[in-house]
Amino acid sequence: MLAAQWGRKISRFSPSVGRWSGCRFGWMCLATLTLILTSWLSPRGTEAGLLQERVGIGMLASLFDQADEKAILAQMQPFADIVSKRAGVPGRFVVIRDIEHAVKALEARDIEVLVLHGPEYGWIKSLCRDLRPLLVATASTPKLQAVFLVPQGNPAKSPDDLQGKTLALASKLPQHLRLYLERRLPQPADKFFRVLAVKNAEDAIEAVIEGKADLTLVSSGQVEVYRQQRPGRFKRLRELESSPEFPLPVVAYRPRPEFNEPIQEFRKALLTAKDSPEGRQMLVLWRIEGFQDPPADYEEQAARIAKTYPYKSAER
């Protein structure tokens, strides 16, 4: 019964503008990666029956390729079934178009939990000040940064010195790389550089070592993996420039007493996701290794990066 109800509730959320009280709204049309929005409640008679219509798991549409959206929702279903049983209530998936609609969904109480990237948390926090971090994604390195790499003998002092040169980029860049690249350069990357598109970060690094590209931009975690796996080849590279530290992706929620118990069950399910086939499949889809408690200074990290890289509405 629970699984069937989860399955029937897959939909797209795009509400009309409603009344605002807790979330200040003024700008936005997010073009970044985010992961999951979800909420549950404890079944408590008539009140629970009224609120269950608002229970849902949502995801920003920018997370997925348009052609893959239905397939990804279907692949996430087994994990959703497990969580719904643990929480003791049914739920639904909701695909949310952008931050504007995510804020509206939070305000309308269609969702209570929001999973998103760190910079996005900083942006939306200014609109929903009662949002709190519940968990953050685990990472292979303690810092999440964007790193420009060049050959060891390259005399450039910054990426600006290499305008017109060849930049190797993986076909699908993590959100923090896209954001840094967009804000770091005076014009789009394909205008500032000659872009060499490659399959992944390892291929991008190899392109620089083999002389096919003059520089690349990869994540600090990807740099560390390559350094450990191929230390000899890595010595042929040097770091040209790195970004500020980005906060990790986060599971955020709006505290409400009636949701405390199911949200804690959701937290437990995420912490143990890697222990089940369904959970591991979900982690692969989200492109993360797992979850952990947020660092004590997470709010400060997100606020700093949001100040460094203010949100830019796509409608401007």
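**Entry 1: Arg109**

I started with Arg109, which counts as partly exposed because its relative accessibility is 39%. On this scale, buried means under 20% relative accessible area, exposed means over 50%, and partly exposed lies in between, with a 1.4 Å probe and protein chains only. I found Arg109 in the loop between α4 (99–107) and β5 (113–116). Helices (H or I, at least four residues) and strands (E, at least two) are DSSP runs, numbered from the N terminus. I also looked up the backbone: Arg109 has a positive phi of about 65° although it is not a glycine. For context, I noted that most residues other than glycine have a negative phi.

**Entry 2: Ground rules**

I wrote down that this is a predicted model, in which local features need pLDDT of at least 70 and side-chain atom pairs count only at pLDDT 80 or more, while totals for chains, interfaces and linings use all residues. Residues are numbered from 1 along each chain as its sequence is written, and side-chain values use heavy atoms, with hydrogens and water left out.

**Entry 3: The whole chain**

I looked up the totals next. The protein chain has 13 helices and 13 strands. Buried residues make up 54% of its 316 residues. Among contacts with a separation of 6 or more, 83% come from residues 24 or more positions apart. Contact here means heavy atoms within 4.5 Å.

**Entry 4: The five-stranded sheet**

What is the order of the strands in the open sheet of 5 strands? I read it as β9-β8-β10-β7-β11, with mixed pairing. The edge strands are β9 (194–198) and β11 (237–242), each pairing on one side only. From one strand to the next, the twist averages 30°. Two strands pair if DSSP finds at least two bridges between them.

I then picked one pairing to follow. Strand β8 (residues 166–170) and strand β10 (residues 215–219) pair in the parallel sense over 2 bridges. Ala168 has Thr216 in β10 as its bridge partner. Helix α8 (residues 201–209) packs on this sheet, touching β7 (146–151), β8, β9, β10 and β11, and its direction makes about 150° with that of β10. Such axes are lines fitted to C-alpha atoms, for helices over the stretch in contact, and angles run from 0 to 180 degrees between N-to-C directions.

Ser140 sits in the loop between β6 and β7, and it is partly exposed, with a relative accessible area of 47%. I also checked Ser140 against Gln222: they are 82 residues apart in sequence and 8.7 Å apart in space, C-alpha to C-alpha.

**Entry 5: Strand β12**

Which way do the residues of β12 point? Val250 and Ala252 point one way, Val251 and Tyr253 the other way, and all are buried. β5 and β12 run antiparallel and are joined by 4 bridges; here Leu114 has Ala252 as its bridge partner. Strand β6 (residues 132–137) also runs antiparallel to β12, with 4 bridges, and Pro133 stands opposite Ala252.

The axes of helix α5 (residues 118–125) and helix α6 (residues 175–184) come within 9 Å and cross at roughly 70°. They are therefore roughly perpendicular to each other, a label that covers 65 to 115 degrees; under 35 is roughly parallel, over 145 roughly antiparallel and the rest oblique. At the contact, Pro119, Glu120 and Trp123 in α5 meet Gln175, Leu179 and Arg183 in α6.

**Entry 6: Aromatic pairs**

How many aromatic pairs does a search of the whole structure find? It finds 6. Rings of Phe, Tyr and Trp (its six-membered ring) pair if their centres lie within 6.5 Å; planes under 30 degrees apart are stacked, over 60 edge-to-face and the rest tilted.

Phe148 and Tyr180 form a tilted pair, 6.2 Å centre to centre with 55° between the planes. Phe148 lies in strand β7 and Tyr180 in helix α6, so the pair ties together parts that are 32 residues apart in sequence. Phe148 counts as buried at 0% relative accessibility, and Tyr180 counts as buried at 4%.

The rings of Phe246 and Tyr309 are stacked, because their centres are 5.9 Å apart and their planes at 10°. Both Phe246 and Tyr309 are buried.
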